[in-house]
Every structure is written in structure tokens, then in C-alpha cells.
Amino acid sequence: MLSGLNHLTLAVTDLNRSVGFYHDLLQLHLDATWDTGAYLSLPGLWLCLSLDLSRRPEPMAGYTHYAFSAAAADFAVQVECLRAAGVQEWRDNRSEGASFYFLDPDGHQLEIHVGDLVSRLQACRAKPYTGMKFYP
């Protein structure tokens with residue numbers, strides 16, 4: 001039986017650039033580095049960056065993305081910091097809670113989101129998606 005998400009590994013084309021992006025800009029804790037990788041973390045998240053020179057830096061088509069939590073009081077400052085750093089935005093927010101969708105240097109689709117599953121379900125109960133069902 002699964003007990004949770006263990007870790008997330010992202011293939012990157014320039015390890016130093018990606019460590020700088022995730023550590024310096026997004027402020028994840030840098031736990032370890034080696035010639036072809038790095039471990040970073042946030043509470044509840046273990047992120048591995050793995051050098052993969054076959055990775056193509058274009059963003060993937062579709063909605064698959066990785067979302068980080070942010071406090072409502074910090075959201076606007078974080079977004080302005082990312083925009084000032086020149087990150088590319090890839091989507092507008094269309095759902096409950098403040099969200100900022102952006103790309104990392106290798107085209108991984110990321111999001112900063114204010115809210116959680118509880119707040120999302122509460123908003124959906126008030127205005128359900130087409131065909132939505134809720135379970136106990």
C-alpha cells in the first residue's frame with residue numbers, strides 16, 4: 001500500500017543553473033550535490049535534480065505540472081520576485097486560490113499555489129465542475 005509521495009526527480013540539462021533556480025530563487029534547502037545531481041528539500045518534499053543531457057528544455061504539452069505551496073501573505077512578493085527574475089509564465093489561473101504558473105530553466109511546468117485540498121473541495125462543493133462527485 002502506498003503511503004505518500006517519496007520524492008520527485010527532474011531531469012535537467014545544466015545542473016548549476018537548476019540548483020541556482022531551485023535554491024537561490026525558489027529557496028528550497030540544498031541538502032547535497034554531486035557531479036550529476038543534487039538533493040533539495042522543503043517540508044514534505046524531497047527533490048532530486050538529475051543531469052540528463054538528452055533532456056529537451058521545451059515545456060511538455062498539457063497540464064502536468066508541479067505545484068508548491070505559498071502563504072497568502074507571501075504570494076504577491078514571490079510572484080514579483082519570479083517575474084523580476086524573468087521566468088516564463090505558461091498559464092493563467094483558472095481555479096480556486098491564487099496561483100502563478102511558470103517554467104523552470106528546463107521547461108518543467110511549475111506552480112505556486114495558495115490553498116490546499118480542503119479549500120479546493122470547499123470551493124468545488126459551492127461550484128462543482130461538470131459531472132463532479134464527492135466521496136466520504
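Predicted model: local features only at pLDDT ≥ 70, side-chain atom pairs only at ≥ 80, totals over all residues.
1. Strands β7 and β8 (residues 109-113) run antiparallel and are joined by five bridges. Strands here are DSSP runs of E, at least two residues long, numbered from the N terminus. Two strands count as paired if DSSP finds at least two bridges between them.

2. Residues are numbered from 1 along each chain as its sequence is written, and side-chain values use heavy atoms, without hydrogens and water.

3. Strand β7 also pairs with β6 (residues 89-91), antiparallel, over two bridges. There, E89 stands opposite F102 of β7.

4. Is β7 (residues 99-103) buried or exposed? Five of its five residues are buried, so the rest of the structure largely encloses β7. Buried means under 20% relative accessible area, with a 1.4 Å probe and protein chains only. In a regular strand, side chains alternate between the two faces of the sheet. In β7, S99, Y101 and L103 are buried on one side, F100 and F102 on the other.

5. Now the open sheet. Four strands lie in the order β1-β4-β3-β2, with mixed pairing. β1 (8-12) and β2 (29-34) are the edge strands, each pairing on one side only.

6. Inside that sheet, β3 (residues 37-42) and β4 (residues 45-51) pair antiparallel over six bridges. L40 has L47 in β4 as its bridge partner.

Notes: Buried < 20%, exposed > 50% of the residue type's maximum accessible area, 1.4 Å probe, protein only.
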